[in-house]
Amino acid sequence: MTDEIQTLREKAECAKIGYMAGEISREEAASLIKPYADAFNEKSKELARKYHLRPQRFSISAFFR
């Protein structure tokens, strides 16, 4: 994992924790998680193309669980 993706993941985890604790709303948390979701989906598409598989998509609702 690159440093940029690692940083985005840490921010997404902080947003998830803030949402679960009730500190921020779901919309705010989703907007903070969106950059990580986009990076994850792009990487997933690249790997799927390379290995001729279907990409695993990132779901914000699944991430909240």
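## Aromatic cluster and nonpolar core

Tyrosine 51 lies in helix 2, which spans residues 26-51; helices here are DSSP runs of H or I with at least four residues, numbered from the N terminus. The model is predicted, so that local features need pLDDT of at least 70 and side-chain atom pairs count only at pLDDT 80 or more, while totals for chains, interfaces and linings use all residues. Residues are numbered from 1 along each chain as its sequence is written, and side-chain values use heavy atoms, with hydrogens and water left out.

Twelve residues make up the largest nonpolar core, namely Ile5, Leu8, Ala12, Ala15, Ala29, Ile33, Tyr36, Ala37, Ala39, Phe58, Phe63 and Phe64. Such a core is a set of buried Ala, Val, Leu, Ile, Met, Phe, Trp, Tyr and Cys residues joined through side-chain atoms within 4.5 Å. Two or more residues come from each of helix 1 (3-21), helix 2 and helix 3 (60-64), and helix 2 gives the most, with five residues.

Six aromatic pairs are counted, where rings of Phe, Tyr and Trp (its six-membered ring) pair if their centres lie within 6.5 Å, and where planes under 30 degrees apart count as stacked, over 60 as edge-to-face and the rest as tilted. Two of these pairs are set out below.

| Pair | Centre to centre | Angle between planes | Class |
|---|---|---|---|
| Tyr36 and Phe40 | 6.1 Å | 55° | tilted |
| Phe40 and Phe58 | 5.5 Å | 55° | tilted |

Phenylalanine 40 lies in helix 2 whereas phenylalanine 58 lies in the loop between helix 2 and helix 3, so their pair ties together parts that are 18 residues apart in sequence. Tyrosine 36 and phenylalanine 40, in contrast, both lie in helix 2, four residues apart, or about one turn of the helix. Tyr36, Phe40, Phe58 and Phe63 form one aromatic cluster.

Leaving aside neighbours within four places in sequence, phenylalanine 58 is in contact (heavy atoms within 4.5 Å) with Ile33, Tyr36, Ala37, Phe40, Asn41 and Phe63.

Conventions: Buried means under 20% relative accessible area, exposed over 50%, partly exposed in between (1.4 Å probe, protein chains only).
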